[in-house]
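Dear colleague,

Please find the structure below, handed over together with its sequence. After it come my notes on what was found, with the cut-offs stated where each term is used.

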Amino acid sequence: MAQKKKASQTSFKTLPKAATGIQGLDEITGGGLPRGRPTLVSGGAGSGKTLFGLEFLVRGATQYSEPGVFMSFEESIPDLTKNAASLGFDLERLVADKKLFLDHVSITRTEIEETGEYDLDGLFIRIADAVQRVGARRVILDTIEALFGDLPNPGILRAEIRRLFGWLKQKGLTTVITAERDRPDRLTRHGIEEFVSDCVILLDHRIREEISTRRLRIVKYRGSTHGTNEYPFLIDDQGISVLPISSLGLDHAAPAVRISSGIARLDGMLGGKGFYRGSSILVSGGSGTGKTSVAAHFVDAACRRGERCLFFAFEESPRQIVRNMRSIGIDLDPWVRKGLLLFQAARPTYGGIEQHLLVTHRCIASFHPSVVVVDPVTNLLMVSTLNEVRSMLTRLVDFLKTEGITAIFTSLTAAGGALEASEADVSSLMDSWLLLESIEVGGERNRALLVLKSRGMEHSNQIREFLLTDDGLRLLDVYLGPEGVLTGSARVSQEVREKAAGTARLQEQGSRRRELERKRRIFEARMAMLRAEFEAEAEIIQQTISESESLGEEMVQDRGRMVRSRKADTSAYKKEGRAKAARKR
Amino acid sequence: MPITKTKTRARPRKTDPRKPAVWNLRLYVAGQTPKSLRAFANLKALCEERMKGRYRIEVIDLMKNPQLARGDQIVAIPTLVRRIPLPLRTIIGDLSDSVRLLVGLDLRKAD
């Protein structure tokens with residue numbers, strides 16, 4: 001006991017805390033409830049006080065090896081056991097294992113006559129005995145104020161309850177005292193909150209716009225910082241979950257592995273490799289722009305790789321999605337049957353935003369998907385405000401990144417609204433943002449896709465038109481001209497025009513070439529003619545030259561003949577000699 | 001006449017608890033506290049006065065047998081439980097208010 005006192009004295013510096021094991025609560029409180037001290041949990045009827053106490057106790061017994069005692073002043077043990085079973089807690093087994101001790105304090109006032117001074121030593125002894133039996137470190141008093149209805153003389157009772165809290169604290173038992181709040185201006189019916197100075201938690205169950213939400217607020221926590229907001233919480237078959245479920249920092253791993261988007265040309269737009277694994281992708285666009293189809297392609301590609309996909313459908317039923325995707329050549333059905341693809345379909349109005357977040361977490365935790373699709377994330381706005389959706393998405397994205405899960409969120413942008421502004425809040429959480437647009441030209445709407453951002457990779461800045469064909473989604477270049485981006489028929493007619501102009505150019509080239517050829521032929525013909533003329537003239541000249549040459553020779557010969565004939569006249573006898581001489585000449 | 005009839009009928013019912021041969025009373029205490037001692041003294045005095053020789057007082061010290069507190073749903077100390085005659089009657093406090101004690105034991109009609 002002396003040691004305990006010392007411990008509580010040193011706790012001025014660091015207050016020891018007892019982890020509750022309740023999802024999210026330990027984060028808000030910075031580690032749990034004040035150890036060895038009483039905590040008051042107050043709330044209206046049906047706000048979850050008893051379950052809070054139960055879970056604190058059961059988690060303590062099962063997860064932190066701190067056995068506990070449940071003193072029930074209202075519910076009987078069988079009822080309590082049954083209620084706990086609905087949260088998945090097996091009280092009977094814990095009792096059998098001596099980790100838990102349940103005691104039902106039931107007094108019927110009508111049977112009781114008060115005949116003078118009394119005290120609550122009987123209750124003290126019961127608690128002490130129970131604590132000793134299981135070596136309890138935690139005690140729940142649920143709801144001790146019920147004693148005011150059971151026992152006469154509230155003055156004595158108040159004093160005794162005060163003494164009880166002091167005694168529990170002295171014993172170093174971490175105690176949760178539940179109390180019913182009947183009026184908004186006070187925490188408990190009989191004002192016992194004034195005896196609990198360490199920690200007060202308020203539970204609230206309210207209906208806002210027909211959607212019920214449970215909220216938790218830490219009214220006071222002496223000697224410790226704590227979240228002061230109202231935190232939504234949920235009660236389901238796995239106990240209480242206080243949101244934020246995870247307020248993890250930005251310390252998740254960033255895998256460099258790239259995965260295909262399922263659309264080859266889109267991969268091309270994303271540096272040729274697709275998205276990063278574990279990144280968050282926003283696909284936004286107006287209605288009918290093909291958001292779900294883009295998501296379905298991604299899912300299909302993931303399933304082909306043998307990865308598990310979880311598809312949260314907030315708009316369409318799974319069967320409708322499967323049918324509709326079949327019309328563009330994607331058959332998701334085999335993946336569903338193989339167990340690779342799981343649809344989780346629910347109307348957003350089915351529960352509050354917290355519930356959705358929780359369901360999402362649960363599904364992811366049990367299915368272990370590699371890819372998660374939320375289609376569309378904007379439908380959650382129906383049940384909440386933008387702020388809440390944003391904070392939910394932050395948590396979800398954090399969670400998915402920690403798990404290394406790639407996520408596609410589709411987002412419906414209001415027609416005619418400022419597209420990027422309205423989603424700026426959400427988009428800053430996303431790593432990649434594909435914008436799907438409807439472009440209206442020439443009396444028709446056509447789909448266009450743009451990679452607005454993609455962190456950490458080179459990506460195309462081009463708008464691509466995309467077609468939803470029987471064979472899936474096909475991306476095409478759009479025509480960029482002086483009139484802007486052309487799609488659909490306008491693009492087709494522009495293409496035809498271009499083709500026609502091209503043909504004309506080709507024809508012109510052909511005729512030029514032919515003209516050149518003709519000119520060349522004319523030139524050659526002229527050349528041939530000139531040459532022929534030249535040759536003809538050269539022949540004539542040659543003839544004259546040779547004529548004149550032969551004329552000269554003949555003249556020489558004639559002269560010789562004349563000489564010879566004259567010599568023969570003079571010396572006929574010396575014929576031989578004279579002829580020789582003449583030749584010599 | 002009918003009024004007296006009901007009266008005569010009511011009387012035996014009220015006097016019925018006086019009929020059993022031996023009363024069985026159980027007084028739960030927690031140690032020898034002044035309150036416990038006072039309660040025992042007050043009870044003893046009453047029994048001696050009203051049912052001398054026809055009563056048995058069982059004092060249970062919960063300090064010694066804490067588990068017995070659960071059986072009779074004891075919270076307040078001291079608590080007196082009338083076990084016989086039936087029905088069970090529970091009276092809390094140090095029994096110094098003798099009128100209420102008599103009412104509690106069904107020895108006197110509550111006003």
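Chain A exposes about 29400 Å² of accessible area, as computed by the Shrake-Rupley method with a 1.4 Å probe, where for residues only the protein chains shown count as cover, and carbon and sulfur atoms supply 51% of that area. Please keep in mind that this is a predicted model, in which local features need pLDDT of at least 70 and side-chain atom pairs count only at pLDDT 80 or more, while totals for chains, interfaces and linings use all residues. Residues are numbered from 1 along each chain as its sequence is written, chains are lettered from A and ligands numbered from 1 in the order in which they are written, and side-chain values use heavy atoms, with hydrogens and water left out.

Of the 585 residues of chain A, 48% count as buried (under 20% relative accessible area, with exposed meaning over 50% and partly exposed in between, for a 1.4 Å probe and protein chains only). The chain has 17 helices and 25 strands, these being DSSP runs numbered from the N terminus (H or I, at least four residues, for helices; E, at least two, for strands). Among the contacts in chain A with a separation of 6 or more, 69% join residues 24 or more positions apart, a contact being heavy atoms within 4.5 Å.

Nine strands of chain A form an open, mixed sheet in the order S17-S16-S18-S19-S15-S20-S21-S22-S23, where two strands pair if DSSP finds at least two bridges between them. Strand S17 (341-345) and strand S23 (472-477) of chain A stand at the edges with a single partner strand each, so one side of each is left without a neighbour in the sheet. Neighbouring strands here are turned by 25° against each other on average, direction ignored. Within the sheet, S15 (residues 280-285) and S20 (residues 432-441) of chain A pair in the parallel sense over five bridges, and A:Val283 has A:Leu434 in S20(A) as its bridge partner. Helix H11 (residues 318-326) of chain A packs on the sheet, touching S16 (309-313) and S17 of chain A, and its direction makes about 125° with that of S17(A) (axes are lines fitted to C-alpha atoms, for helices over the stretch in contact, and angles run from 0 to 180 degrees between N-to-C directions). Helix H13 (residues 353-367) of chain A lies across S16, S17 and S18 (371-375) of chain A, running at about 160° to S16(A).

Elsewhere in chain A, 13 of the 15 residues of H3(A) are buried, so this helix is largely enclosed by the rest of the structure. Just after H3(A), A:Ser65 takes a positive phi of about 40°.

In chain B, the buried residues of helix H2(B) are B:Lys35, B:Ser36, B:Ala39, B:Leu43, B:Leu46 and B:Cys47. They cover an arc of only 100° around the axis, which puts them on the same side of H2(B), the arc being that of the directions from the helix axis to the C-beta atoms. These buried residues pack against strands S1 (23-29), S2 (55-61) and S3 (79-84) and helix H4 (98-104) of chain B, whereas the face turned away from the buried side carries the exposed residues B:Pro34 and B:Glu49.

S1(B) and S3(B) pair in the antiparallel sense over five bridges, with B:Leu80 in S3(B) as the bridge partner of B:Leu27. B:Leu80 also stands opposite B:Ile91 in S4(B), and S3(B) and S4(B) form a hairpin with four residues between them.

With best regards
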